[in-house]
Amino acid sequence: MIGLISYLVFFTTVAAILSIAVLGLNLQWGNSGLFNGGVVAFFGAGAYTTLILGGTPQEAHLGGYQLFYPLALAGGMVAAGVMAWVVGILTLRLRHDYLAIATFGVAVAFENLMRNAEWLAGGAQGLRGFERPLHAWLGDGFTYNALFLIFVLLLLIGTYLFLQRLILSPFGRLLRAIREDEIAARSLGKNPARIRLTAFVIGSVIMGLAGGLYATFYAFISPQDVLPILTFQIWAMLIVGGAGNARGAVAGAFLIWAAWTASGWGLSRFAPVDLQLYTGSIQFVLIGLVIVGMLLWRPQGLFPEKLVVSQSGRH
Amino acid sequence: MIQHLVDGILVGSILSLGAIGLTMVMHMLRFANFSHAELLSIGAYCALVFDGVFKALYPPLGNVVGPLSLTWALTLSILISMTITAASAILIDLLVFKRVRSKGGELSMVFASFGVAMIIRNVLGLMFGLQAKLYSQDIVFAVVLSHDPLLLVKPDQIFSLVAALLIMVILHLVLAHTTFGYALRAVAENPNLSQVSGINLNRMIILIWIIGGGLAAAAGVFYGLTNQINPVLGRDLLLPIFAATIVGGIGSIYGAAMGGFLVGIASNLALLILPSGYSPAVPFLIILAVLIVRPTGFFGEERA
Amino acid sequence: MTDHALQASDITAGYLPDLPILKGVSLNAAQAKVTVIIGPNGAGKSTLIKAMAGLVKVSDGQVLLQGQDITNPRPDEMGARGVAYVPQSDNIFRSLTIRQNLELVLRRARGERAAKLEALFQQFPPLAQKRNQKAGALSGGQRQFLAVAMALAINPSVILMDEPSAGLSPKAAQEVLEHAKSLTEKGVTIVLVEQNVKQALRLADHCYILADGRNQLDGSAADLLDDPVVGQIYLGGKRVAS
Ligand SMILES: Nc1ncnc2c1ncn2[C@@H]1O[C@H](COP(=O)(O)OP(=O)(O)OP(=O)(O)O)[C@@H](O)[C@H]1O
Ligand SMILES: [Mg+2]
């Protein structure tokens, strides 16, 4: 029983962290029509930076600044934001495929750098030596995990409320206006590239926050955590939840994460031993089918909202 | 140095073939097709299968051609693989892209292409196994072209380069001298006007998939011949191919051809200063450099 | 059979499903005559031409070609039906040479391609001189002639022209319009959108005035020239607010 509950806490924590990342993506894609092909890079920047800033001194690589935890977490968000700003400033004036390619490239390069640069973040070994905040008082047990879950849930709610307000603010209206009719918005004297850049950076900062929480939760991060599959999972969550719909996005995150863990568990348990090597491939095919299937048959997502900023509205 | 340059040119020719098809699709259908590189994988595996079939049907086809490791069976298989890969590209368009397009989800096409890429890549892995395969187990020794500086080239590499160049020359002749080529360029410049001029856009889209798929298959086989075949071949070549299209300017066919060589050479030369582990990241650096220096690419043609 | 080569009857059309630009417009273009469409900016003149050419969806009403219903045709099949369309802007392929532009529209005429090309070059000597130059390098007037030549290449019975004189010097505009007029002698029907009302009326046989997606007035050119309202609004220098 206690095992089940602590598993549920574990599951909910990870799903809630991923929900935060999905909310960041929802701002970029759902509200602004910006394609981010490298979610994992911004997530990873947050994760790595948080651990580097907040961790204990390490022999072989950067880190050990032992910053006060909220500062370390904020540092991770800043790192993600700076990366987004650089990519955005170079591509957002161009046709939308440039952003897609450049963000995809960032993710490839980020993972590659983390895997190879041992002096930077431990290379393939990953980044260790991080003590979870308040760990000395709360220990490592169930209490800690439960409290951490509450912390994550509060941040999820905070992020959600912040984004709701942002969308209803004049800035949010501008975003919608640009998405619907870029030329008209420009003729009103607005600079669409600048506004899109802002949305892109904010979304990435939120992904950085999710990454920082993820790394905190495991007190460890390695290149295995920043593989492209994470980007696909986060997309699938958004598409299933319904782009443009924040509550749907959170629901999508829990649903896809549940399906992913369940399918992983099922395959590892029931698949014959000689096929174990291929369970990953099967899961990838499934997630590909989810993405393509949703786009073909239910592009508005499983949880469409009444007030949809419809994407097909322009045709 | 010289060795890196030569290797770069050899890889570059493969990237060019991939990038030409990708840039045409991106220009015509206006989306970044992340599944294009999977067509290279399809092509490589397809040739592997038919190579086996031909050898089994008629063993003399298993003889190698001249000094190459390439057999007559594989030579035939390249042509068949180009056909089948082109057909697969059309089929994928019919099943997925065309339907997403007709729903007006122009931007959703990018998502769809990622999903398609994941499906193809992992289905290939399930079908053929995750371990690398080779067209031929025979060891073909590299020819020493020069001792000082040391320059080694395998006959297969020369064959791939020459064949890739030949394909590009044929494509050039078609584009520059046939009304079909004019029509392709017309559609790229101004789809509406090209319709008014009597061009059937749907038919053009199919033709572009045929060209893109055919070139990708050839690139995939050449890659398999000079390296090895594995299910992540497409994933590994995707970023360099994208980089080639950006170097050339998206939509520019000649730009993509030049861009492929440029990316191949630059990636190999980069190994002179960077440890080899970093080579997958080099195309991204190239993309960044182009976006900073000349975002529209170096060979961009005028676009409507 | 009517003597109307091309008719639009009461058509509703637009770019978005729920936002009609044309709200019940009719037009009859008489065989081998020049029919001119005028009206303020944004009136829907181009949209009407595009609707007849199959580039804009007609949601209500009919388009008839020689009495036959062709509503919502495929634009790439209009040439084969004998209807050519010269768009208002971007009406040539700039990245192709002049010869390639013409060969492109002539590509179905396999055996006779060379002969037809020569015939067109004879008709437009300035184009012949620059045949191997990129069309993007042409002057405005020459571009318009190339666009007209591309339309003529398919031996059309009807030509739809959208402001062929826009942006041209008065002399070049005169030349283009007179060329259009001369085509009627060979039996070609011309439908023309024109901004320069005086020039348009001088050349037209029949004239339609469109405003806000509706027919406002139509009549023979001579009648409209005498019409006091037309005189005041379109010829007196005062323009309708657009
Ligand atoms: N591609 C388009 N998509 C949506 N609306 C359009 C499009 N093209 C034109 N419109 C709208 O349709 C209306 C009529 O435009 P149209 O081009 O037919 O006018 P026009 O009479 O040709 O004007 P002009 O004299 O400026 O050429 C305008 O309100 C315009 O904004
Ligand atoms: Mg107009």
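I began with aromatic pairs, for which rings of Phe, Tyr and Trp (its six-membered ring) pair if their centres lie within 6.5 Å, and planes under 30 degrees apart count as stacked, over 60 as edge-to-face and the rest as tilted. With that definition I looked up one aromatic cluster, formed by A:Tyr7, A:Phe10, A:Phe43, A:Tyr69, A:Tyr144, A:Phe148, A:Phe151, A:Tyr214, A:Phe217 and A:Tyr218.

I note that the model is predicted, so that local features need pLDDT of at least 70 and side-chain atom pairs count only at pLDDT 80 or more, while totals for chains, interfaces and linings use all residues. Residues are numbered from 1 along each chain as its sequence is written, chains are lettered from A and ligands numbered from 1 in the order in which they are written, and side-chain values use heavy atoms, with hydrogens and water left out.

**Aromatic pairs**

A:Phe35 and B:Phe114 are stacked, because their ring centres are 6.0 Å apart and their planes stand at 20°. This pair crosses between chains: A:Phe35 is in the loop between helix H1 (2-31) and helix H2 (39-54) of chain A, and B:Phe114 is in helix H4 (residues 108-128) of chain B. A:Phe35 is buried at a relative accessible area of 6%, and B:Phe114 is buried at 4%. Here buried means under 20% relative accessible area, exposed over 50%, and partly exposed in between (1.4 Å probe, protein chains only).

I then checked B:Phe97 and B:Trp209, a stacked pair with 6.0 Å centre to centre and 10° between the planes. B:Phe97 lies in helix H3 (residues 72-102) of chain B and B:Trp209 in helix H8 (residues 201-226) of chain B, so the pair ties together parts 112 residues apart in sequence.

**Sheet of chain C**

I traced an open sheet of six strands in chain C, in the order E6-E7-E8-E3-E9-E10 and with mixed pairing. Two strands pair if DSSP finds at least two bridges between them. E6 and strand E10 (214-220) of chain C stand at the edges with a single partner strand each, so one side of each is left without a neighbour in the sheet. Neighbouring strands are turned by 15° against each other on average, direction ignored. Axes are lines fitted to C-alpha atoms, for helices over the stretch in contact, and angles run from 0 to 180 degrees between N-to-C directions.

E6(C) and strand E7 (residues 158-162) of chain C run parallel and are joined by four bridges. Four bridges also join E3(C) to E8(C), again parallel, with C:Leu192 as the bridge partner of C:Val36. I found five of the five residues of E3(C) buried.

Helix H5 (residues 140-152) of chain C lies across E6 and E7 of chain C, at about 165° to E6(C).

**Magnesium site**

Which residues coordinate the magnesium ion (ligand 2)? I recorded C:Ser46 (OG) and C:Gln88 (OE1), at 1.9 to 2.3 Å. C:Ser46 is in helix H1 (residues 45-53) of chain C, and C:Gln88 is in the loop between strand E6 (83-86) and helix H2 (98-105) of chain C, 42 residues apart. Donors are N, O and S atoms within 2.8 Å of the metal (3.2 Å for Na, K and Ca); water is not among the atoms, so sites may look incomplete. C:Ser46 is buried at 17% relative accessible area, whereas C:Gln88 is partly exposed at 34%.

Conventions:
Helix = DSSP H or I, 4+ residues; strand = E, 2+ residues; numbered from the N terminus. Contact = heavy atoms within 4.5 Å.
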